Amino acid sequence: MVNVKLLIFLAAGLVLSILCLACKTKGPAMLGSAAPTIPNVKQTDPAARLFFERIEAENVEHLRLHFVLEVENPRTVSADLDIQDWGIQINNQPSNEGAYLILDSNAPQVNAGASARFPMRLDLDMNKLRLSKEEIVTEYLTELQMYLRFAFETGDTAITQIRTEAVFPRIEEPEFSITSIAVRRGEQVNTNTHFRVGLHIDNPNVFPLELSALSYSFYGNGAFWADGQENIVLHIPAKGSTETQVFLMINFIDISKNLKNQLITLKRVQYRLTGETKILTNIVYLPEFSMDFDIFRNSDME
């Protein structure tokens, strides 16, 4: 009998130990399943690309670069966008002075899960840009970098940095100078006198130019003498020069007697020629332009 009771006691203890062990193993597993960990997934930021499209120009100093901004919004809410900051470099020289970046849209917005395109333009006043005057520049390499700010409907924001480049030839105005002033051969300085003015024209560009539609006003010692117009076609080679002459008739009735005496005695007179001309370039973004000139010469009569 004693042995039977002992066996029953040992069996009961073994069952109790197994039950306790099972309770200790099952408890933490149930606690963990009751409070699962939720992963923190970061929202994907929008993507943006900027493409150079074309260039336009009013003249050699005022340029307008056109770009296209492409934006993709992968989020489930729409976003407004604006330019937070930007900067340019022209031929590796940073300079924003005289430059204006404009996003051509009244209320730029990109819808949820969609893409959009926006026109942009960069206006450049080359007179105000602080570029090196010593370096010989035949083309402009313009690097544009900007930071786009996206403001989402949920209240959060994102910043995207983008950049692009634009390369285009530099166009410079030709340079005028007076080479000679002369009374037409065989004439004397009298009431109506024909003058011949020699002009030298330098082309600083690496491509040829063509000059036409020359109009001018001529002065002697500050007094207006004559004006005129020449319908000429004058070829100026690349990095070269050419010369031409303009002829005008001066009426000395209204000119002071002192100045007329200076001309008769071949004394030194200061000449000034001002005017306007049309220049043809055959460059796509500025095929032709008008320019003013204002040149002086102190010279004896030839």
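Is Glu173 buried, exposed or partly exposed? I looked this up before anything else. Glu173 counts as partly exposed because its relative accessibility is 35%, where buried means under 20% relative accessible area, exposed over 50%, and partly exposed in between (1.4 Å probe, protein chains only).

**Ground rules**

I am working with a predicted model, in which local features need pLDDT of at least 70, side-chain atom pairs count only at pLDDT 80 or more, and totals for chains, interfaces and linings use all residues. Residues are numbered from 1 along each chain as its sequence is written, and side-chain values use heavy atoms, with hydrogens and water left out.

**Confidence**

I checked pLDDT, the predictor's confidence in each residue, from 0 to 100. The protein has a mean pLDDT of 82, with 75% of its residues at 70 or more. I then went through the elements, taking helices (H or I, at least four residues) and strands (E, at least two) as DSSP runs numbered from the N terminus.

**Around Glu173**

I went back to Glu173 and found it in the loop between β9 and β10 (175–183). Apart from neighbours within four places in sequence, Glu173 contacts Val60, Pro204, Phe289 and Met291. Its C-alpha atom is 8.3 Å from that of Asn205, 32 residues away along the chain.

**Thr193**

I looked up Thr193 in strand β11 (residues 192–202). Thr193 is buried, at a relative accessible area of 0%. The C-alpha atoms of Thr193 and Met249 are 5.5 Å apart, although 56 residues separate the two along the chain.

**Aromatic rings**

I paired rings of Phe, Tyr and Trp (its six-membered ring) if their centres lie within 6.5 Å; planes under 30 degrees apart count as stacked, over 60 as edge-to-face and the rest as tilted. This gives 8 aromatic pairs. One of them is Tyr140 with Phe168, a tilted pair with 5.6 Å between centres and 55° between planes. Tyr140 is in strand β8 (residues 139–152) and Phe168 in strand β9 (residues 157–169), 28 residues apart. Tyr140 is buried at 6% relative accessible area, and Phe168 is buried at 3%. Phe168 also pairs with Tyr285: the centres are 5.9 Å apart and the planes at 80°, so this pair is edge-to-face. Tyr285 is in the loop between β15 (269–280) and β16 (288–299), so the pair ties together parts 117 residues apart in sequence. I noted Tyr140, Phe168 and Tyr285 as one aromatic cluster.

**Charges over rings**

I counted a charge as over a ring if NZ of Lys or CZ of Arg is within 6 Å of the ring centre and within 35 degrees of the ring normal. Arg75 has its charged end over the ring of Phe152, 4.1 Å from the centre. Arg272 lies over the face of Tyr219, 5.4 Å from the ring centre.

**Core**

I took a nonpolar core as a set of buried Ala, Val, Leu, Ile, Met, Phe, Trp, Tyr and Cys residues joined through side-chain atoms within 4.5 Å. The largest has 68 residues, and Leu65, Leu69, Leu124, Val197, Phe218 and Leu273 touch the most other members. Strand β8 supplies the largest share, 6 residues.

Terms used
Contact means heavy atoms within 4.5 Å.
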